[in-house]
Amino acid sequence: VAVPVRVTGFEPCRPISYICRMERTFTLDNISQVAREVWKVAVSKTVFAFHGQMGAGKTTFIRALCDAMRVKDMVGSPTFSLVNEYEYVPITIGSEGTKKTIFHLDLYRIKTEEEAVKAGMEDVLYSGNICLVEWPEKAPGILPENTVHVFLELADDKTRRLKITDI
């Protein structure tokens, strides 16, 4: 007869999908380092939703993320165009020279999820390309289930606080 053995201090392995928190405080002096850290911990993720008040630094942080990916294009807020497209070449073995796309979406002017769908936002979000979304709360229902939510807030006039709850 097998007798169950209880091992104290041991927890069974969890499934691979888990919640990992990342919190960083940064200024313009170390924003590049924080952007590289985000790419390292979110290596397999493609859709990132950036939450924060006006002036919290969403576009500035997205610019740092694009710089970390060696995007050569001018990175700016797509408030009026809704979507900007940037090219980069991954630094991974086997993909040298293969151009990839990063989409930068700004949903600030979107009034409804239906409007976002009609504007083609779902096509972009489900394209498999990296998507960096500002003002995602304007159309939360169109975001893929595995979206990484990035929260930016003012710590003071030169310092920002970044929190990621799901990676």
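Five bridges tie strand β6 to strand β7 (residues 160–164), and the two run antiparallel. Strands here are DSSP E runs of at least two residues, helices are H or I runs of at least four, and both are numbered from the N terminus. Two strands count as paired if DSSP finds at least two bridges between them. This is a predicted model: local features need pLDDT of at least 70, side-chain atom pairs count only at pLDDT 80 or more, and totals for chains, interfaces and linings use all residues. Residues are numbered from 1 along each chain as its sequence is written, and side-chain values use heavy atoms, with hydrogens and water left out.

**The sheet**

- Seven strands make an open sheet with mixed pairing, in the order β1-β7-β6-β2-β5-β4-β3.
- Its edge strands are β1 (22–26) and β3 (83–88), each of which pairs on one side only.
- Strands of a sheet pair through backbone hydrogen bonds, either parallel or antiparallel.

**Strand neighbours**

- β6 and β7 form a hairpin, with five residues between them.
- Within this pair, V150 stands opposite I164 in β7.
- Strand β2 (residues 47–51) runs parallel to strand β6 (residues 148–154), joined by four bridges.
- β2 also pairs with strand β5 (residues 130–134), again in the parallel sense and over four bridges.

- Contact means heavy atoms within 4.5 Å.
- α2 lies across β1, β2, β3, β4 (100–106), β5, β6 and β7. Helix α2 runs at about 165° to β5.
- In α2, the buried residues are K58, T59, F61, I62, A64, L65 and C66. Buried means under 20% relative accessible area, exposed over 50%, and partly exposed in between (1.4 Å probe, protein chains only).
- R70 follows α2 and has a positive phi, near 65°.

**Two residues in detail**

- T59 sits in helix α2 (residues 58–68). T59 counts as buried because its relative accessibility is 17%. Beyond its neighbours within four places in sequence, T59 contacts G76, S77, H104 and E134.
- H51 belongs to strand β2. H51 is buried because its relative accessible area is 14%. Not counting residues up to four places away in sequence, H51 touches K58, P136, E137, H149, V150, F151 and L152.

**Nonpolar cores**

- A nonpolar core is a set of buried Ala, Val, Leu, Ile, Met, Phe, Trp, Tyr and Cys residues joined through side-chain atoms within 4.5 Å.
- The largest has 29 residues, and F50, F61, I102 and L132 have the most contacts inside it.
- Two or more residues of this core come from each of β1, α1, β2, α2, β3, β5, β6 and β7.
- A second, separate core has 17 residues, including V47, L82, M121 and V124.
- Leaving aside neighbours within four places in sequence, the contacts of L132 include W39, F48, F50, I62 and I102.

**Cysteines**

- The structure has zero disulfides; a disulfide is a pair of cysteine sulfur atoms within 2.5 Å.
- C66 is buried, at 0% relative accessibility. C131 is buried, with a relative accessible area of 0%.

Methods:
Axes fitted to C-alpha atoms, helices over the stretch in contact; angles between N-to-C directions.
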